[in-house]
Amino acid sequence: MLHTLLNEFRTSKNSKTQKLKVLYRLILNHGPIRAETLASLASMKPATCARLLDELSKCQLISTSELGESTGGRKPILYSINPADGYLVGIEMSDIYSTIVLQNLKLDILGMVKVKYEHLETAENMLDHLLNKVNTLLEEHHLKLESLLGIGIAIDHILERDKLPYHQYSARIQELYRYITDKVPCFVLLGSGISFAAFAEYRLRYASDSQRFLFTTCDTDIRSCTIINNHYAPAPISTAQAFGHTTIDINGQRCECGSFGCLKQYSSLSAIKTRIIKQLRLGKPSVINELVNHESEINYHIIFKALTLNDALCLEALEEAAYYYGIAIANAVLITQADVVVCGGTLTPKNHFFAVTKKSIEDKLSIFPHIKTRIYPANDSYEIVAQGAGGMVIQNYLFDY
Ligand SMILES: [Zn+2]
């Protein structure tokens, strides 16, 4: 039933079906929600809205509850989507830990598998293996691949690992898409981790009170994704790390992209490592000197270890990275006027990286007191990418074409 109706949403041009789709999408993204709010968000007359809601209820796509706050008299009715029978699978492919989640339409996680790869596997081998794990997970929940609404997969880690040049991305993505769709009898969606993580953060935490949402992560690369007016339009996988190449200083160091002074040269993990090594060569004291015998042994794990020991030299390098990251985010806010900024990635939870980033953004924006941007750290869960990958599947049934 759910499958048939959602497929109808995806394919039918009938104007009533389109209206039902609009309402269903609003309930999915904003529910539990009152009929009056829905009518105003959908720009529908209350009577039309009530009639369509009735139809969605009869098809069991939505359900009602009376948990809303009473404004005196009868308690208002709240509409939510009915998560029964709608199952999604999200996968984050990674060499470190691949994650598979099984979830319902509300993105509640029903089951999860983590897979660690000991050897370097081809993307195809990994997919075979991960699909086996999906089958086992589904069996445990008495489900079949056919009963899934679809599988969303974040593949950018693997494309980056394979050092694929950007101009080959489209062809390789097509190749992998064909490989998977030959094996699974359900809808498949491939995308980038940043757009999936942004989507999950937004859907689970900010959908009700953000119109211009900016999500960004700081790791070896620096990425961003924006969601404007509840509209999910993920950028191509090959452009996920473009934010790292915004210019911070035209007189700065040359970046791998050919430009000078890109953000990546100031705030990425590799930038922090370079800065630390430079200071050590100047003879500055650091606990790193006790952790390694030679400069060549310095890696991110050593730096993180030194940070947990509050090493002054590493803290200073981290702070400088956070400062520039904040400046770049503030620049992005000046353009997008984002009302919510969420910072994620490996560095955000380290020491006071987030606090310095936040202060740097706020200082830069303080001359525009009317730009009211709230800044938050990302939820520090490892499932967020997989959760968003599955979640994007349902959005794909509900896009306007
Ligand atoms: Zn660059």
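These are my notebook entries on a predicted model.

**Entry 1: the core**

I began with the nonpolar residues. The largest nonpolar core holds 102 residues. I looked up which of them have the most contacts inside this core, and found Ile91, Ala321 and Val341.

I then took Val341 and listed its partners, leaving out residues up to four places away in sequence. Val341 touches Leu214, Ile329, Val333, Ile361, Thr373 and Ile375.

**Entry 2: helix 8**

I turned to helix 8, residues 193-206. Helix 8 has 14 residues. From first C-alpha to last I get 18 Å, close to the 20 Å expected at 1.5 Å a residue.

Is helix 8 enclosed or open? Eleven of its 14 residues are buried, so helix 8 is largely enclosed by the rest of the structure. I noted the buried ones: Gly193, Ile194, Ser195, Phe196, Ala197, Ala198, Phe199, Ala200, Glu201, Tyr202 and Arg203.

**Entry 3: helix 8 against helix 15**

I checked how helix 8 sits relative to helix 15, residues 384-397. Their axes come within 7 Å and cross at roughly 85°. Angles of 65 to 115 degrees count as roughly perpendicular, so helix 8 and helix 15 are roughly perpendicular to each other.

I listed the residues that meet. Helix 8 brings Gly193, Phe196, Ala197, Phe199, Ala200, Glu201 and Arg203. Helix 15 brings Ile384, Val385, Gln387, Gly388, Ala389, Gly391 and Met392. By class, I have eight nonpolar, four polar and two charged residues in this contact. Glu201 and Arg203 in helix 8 are part of the contact, and both are among the buried residues of that helix.

**Entry 4: backbone details**

I looked for a cis peptide bond and noted the one from Gly31 to Pro32, with omega near 0°. Pro32 lies in the loop between helix 2 (15-30) and strand 1 (33-34).

Ser43 has a phi of about 50°. I place Ser43 in the loop between helix 3 (35-41) and helix 4 (46-58). The cut-off for exposed is 12 or fewer C-beta neighbours; Ser43 has 8 inside 10 Å, so Ser43 counts as exposed.

Asn230 has a positive phi too, near 65°. Asn230 sits in the loop between strand 10 (222-228) and helix 9 (264-267). I find 16 other C-beta atoms within 10 Å, so Asn230 is partly exposed.

Definitions and conventions: Residues numbered from 1 in each chain as written. Predicted model: local features only at pLDDT ≥ 70, side-chain atom pairs only at ≥ 80, totals over all residues. Core = buried A, V, L, I, M, F, W, Y, C linked by C-beta atoms within 7 Å. Buried ≥ 20, exposed ≤ 12 C-beta atoms within 10 Å, placed from the backbone. Contact = placed C-beta atoms within 7 Å. Axes fitted to C-alpha atoms, helices over the stretch in contact; angles between N-to-C directions. Helix = DSSP H or I, 4+ residues; strand = E, 2+ residues; numbered from the N terminus. Parallel < 35°, antiparallel > 145°, perpendicular 65-115°, else oblique. Nonpolar A, V, L, I, M, F, W, Y, C, P; charged D, E, K, R; others polar. Expected span 1.5 Å × (residues − 1).
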